[in-house]
Amino acid sequence: MKTYLAVAAACLALQVVAPAALAKEPQGAAAKSNAADSRQQAQIEQLLNKYEQALNTSDVTAAVQLYTDDGVFMAPENPAAVGTEVLHKAYTGVFQTIAINLKFQIVETKVLSPEWAMLRTTSTGTVKILANGAEVPGSNQELFVLHKTNGQWKIARYAFNSVLRSAK
């Protein structure tokens, strides 16, 4: 009889203690997934910060290094710039024409797979026309398609458009 009472008490104790212990432990795959998502988010945010800095300092090399080898830059009223060599020429042309001072804000990030993600942003600030020194407001919406290459997120495709009305 004492043995049965001891076993029953032990089982009762396990029913109370085990759920409490499980509640304190991370929820397995879900916790790992959340941690991985947080790391991905941080890496994507770091990429965007580097891109913002490259634009604001007119650094062609830094901007182009953030793209994949077959990266595509699609600016309004311009043909798509595809691949490292053409990207270098495109950004050289941009920075010879304007000086950018923009701040990006992340609107949406979607990690689509371990190797692909989508980033939607807005940016605001000023754009200085180097030919005449005029400064105009800059306000855009952007879409980035990102690809993870050698463990690093890179820009695979980038398109943007102004959300300001043109002065036409």
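Let me begin with a definition: two strands pair if DSSP finds at least two bridges between them. Helices (H or I, at least four residues) and strands (E, at least two) are themselves DSSP runs, numbered from the N terminus.

The model before you is predicted: local features need pLDDT of at least 70, side-chain atom pairs count only at pLDDT 80 or more, and totals for chains, interfaces and linings use all residues. Residues are numbered from 1 along each chain as its sequence is written, and side-chain values use heavy atoms, with hydrogens and water left out.

I turn to the sheet. It is open and formed by 6 strands in the order β2-β1-β6-β5-β4-β3, with mixed pairing. The edges are held by β2 (81–82) and β3, and because each has a single partner strand, one side of each is left without a neighbour in the sheet. At one end of that order, β1 and β2 pair in the antiparallel sense over 2 bridges. Within β2, A81 is the bridge partner of F73. Helix α4 packs on the sheet and touches β1, β2, β3, β4 and β6, where contact means heavy atoms within 4.5 Å. The direction of α4 makes about 45 degrees with that of β1; axes here are lines fitted to C-alpha atoms, for helices over the stretch in contact, and angles run from 0 to 180 degrees between N-to-C directions.

Next, the core. A nonpolar core is a set of buried Ala, Val, Leu, Ile, Met, Phe, Trp, Tyr and Cys residues joined through side-chain atoms within 4.5 Å. The largest one has 29 residues, and Y51, F73, Y91, F144, L146, I155 and Y158 have the most contacts inside it. At least two residues of this core come from each of α2 (29–56), α3 (60–65), β1 (67–74), α4 (84–97), β3 (98–111), β4 (116–129), β5 (135–149) and β6 (152–162). Helix α2 gives the most, with 6 residues. Leaving aside residues up to four places away in sequence, F73 touches, among others, Y51, Y91 and Y158.

N101, in strand β3, is partly exposed at 49%. N101 touches N56, T124, G125 and T126, again not counting residues up to four places away.

Methods. Buried < 20%, exposed > 50% of the residue type's maximum accessible area, 1.4 Å probe, protein only.
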